[in-house]
Amino acid sequence: MWSVAAAVCTATGDQGAIAEVERALTALNSPATRAAFPADAAPRYGVVWAAWTLLVAVEHARLTEWWDDQDDVRARAVRLRRAVEASGTGFLEAAPGVYRPADTVVAVAALARADQLVEVPGARRVVSAWVERTRSARDPVTGLLPHR
């Protein structure tokens, strides 16, 4: 059975990989999955849901090369870009009152991947600014961001 991770290494058009990624995207977008995340967070459903669904949507659009999928990626990425821009700290909400820098790392990586695929307006600027903006929160020895 295919996995989403295996799909990342798969050539465009591979129907098995496309089907696996579609299953993952359908599950992530289901009301049952979204119910576990805060609908009123910025971004909507919180950074964990927004980041991981964008990463899976990017992979789906890469595999299919369909315009509709690329438009979906761009729309998701723009929403995430706006949330990163609007964040006072540079870190996005995962759950009510919970901010984990590591979750925002996934979001910024997803934004960069989306931009590589579909050219998201302003994404490069926001990604670069985020790296600089969060520099002071990093461990001075390792350069890593804390989990909390």
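# Close-up views of helix packing

Glu59 counts as buried, because its relative accessibility is 2%. The model shown in every view is predicted.

**View 1. Glu59 and its two arginine partners.** Glu59 belongs to helix 4, which spans residues 46–64. Its side chain makes a polar contact of 2.5 Å with the side chain of Arg62. A polar contact of 3.4 Å links the side chain of Glu59 to that of Arg113. Glu59, Arg62 and Arg113 are among the residues where helix 4 meets helix 6. Glu59 also takes part in the contact of helix 2 with helix 4.

**View 2. Helix 4 against helix 6.** Helix 6 covers residues 101–118. The axes of helix 4 and helix 6 are 8 Å apart, and the packing angle is about 25 degrees. Angles under 35 degrees count as roughly parallel, so helix 4 is roughly parallel to helix 6. The crossing is left-handed. From helix 4 come Val47, Val48, Ala51, Trp52, Leu54, Leu55, Val58, Glu59, Ala61 and Arg62. Helix 6 supplies Asp103, Thr104, Val106, Ala107, Ala110, Leu111, Arg113, Ala114 and Leu117. By class, the residues of this contact between helix 4 and helix 6 are 14 nonpolar, 1 polar and 4 charged.

**View 3. Thr104 in helix 6.** Thr104 sits in helix 6. Its relative accessibility is 0%, so Thr104 counts as buried. Beyond its neighbours within four places in sequence, Thr104 is in contact with Val47, Gly90, Phe91, Leu92 and Trp130.

**View 4. Helix 2 against helix 4.** Helix 2 runs over residues 15–29. The axes of helix 2 and helix 4 come within 9 Å and cross at roughly 155 degrees. Angles over 145 degrees count as roughly antiparallel, so helix 2 and helix 4 are roughly antiparallel to each other. Their crossing is left-handed. Helix 2 contributes Ala17, Ile18, Val21, Glu22, Ala24, Leu25, Leu28 and Asn29 to the contact. Helix 4 contributes Trp49, Trp52, Thr53, Val56, Ala57, Glu59, His60, Leu63 and Thr64. The contact of helix 2 with helix 4 divides into 11 nonpolar, 4 polar and 2 charged residues.

**View 5. Ala57 and its surroundings.** Ala57 lies in helix 4. Ala57 counts as buried, because its relative accessibility is 2%. Setting aside neighbours within four places in sequence, Ala57 is in contact with Leu25, Asp72, Val73 and Arg76. Ala57 and Asp72 are 15 residues apart in sequence, and their C-alpha atoms are 7.6 Å apart in space.

**View 6. Helix 5 against helix 6.** Helix 5 spans residues 67–86. The axes of helix 5 and helix 6 come within 10 Å and cross at roughly 140 degrees. Helix 5 and helix 6 are therefore oblique to each other. Helix 5 passes helix 6 in a left-handed crossing. On the helix 5 side, the contact is made by Gln70, Val73, Arg74, Ala77, Leu80 and Arg81. On the helix 6 side are Ala107, Leu111, Ala114 and Val118. The contact of helix 5 with helix 6 has 7 nonpolar, 1 polar and 2 charged residues.

Methods. Residues are numbered from 1 along each chain as its sequence is written. This is a predicted model: local features need pLDDT of at least 70, side-chain atom pairs count only at pLDDT 80 or more; totals for chains, interfaces and linings use all residues. Side-chain values use heavy atoms; hydrogens and water are left out. Helices (H or I, at least four residues) and strands (E, at least two) are DSSP runs, numbered from the N terminus. Buried means under 20% relative accessible area, exposed over 50%, partly exposed in between (1.4 Å probe, protein chains only). A polar contact is a pair of N or O atoms within 3.5 Å; within protein, one must be able to donate a hydrogen and the other to accept it, and residues adjacent in sequence count only if both atoms are side-chain atoms. Axes are lines fitted to C-alpha atoms, for helices over the stretch in contact, and angles run from 0 to 180 degrees between N-to-C directions. Angles under 35 degrees count as roughly parallel, over 145 as roughly antiparallel, 65 to 115 as roughly perpendicular and the rest as oblique. A crossing is left-handed if the near helix is turned anticlockwise from the far one by less than a right angle, and right-handed if clockwise. Contact means heavy atoms within 4.5 Å. Ala, Val, Leu, Ile, Met, Phe, Trp, Tyr, Cys and Pro count as nonpolar, Asp, Glu, Lys and Arg as charged, and the others, Gly among them, as polar.
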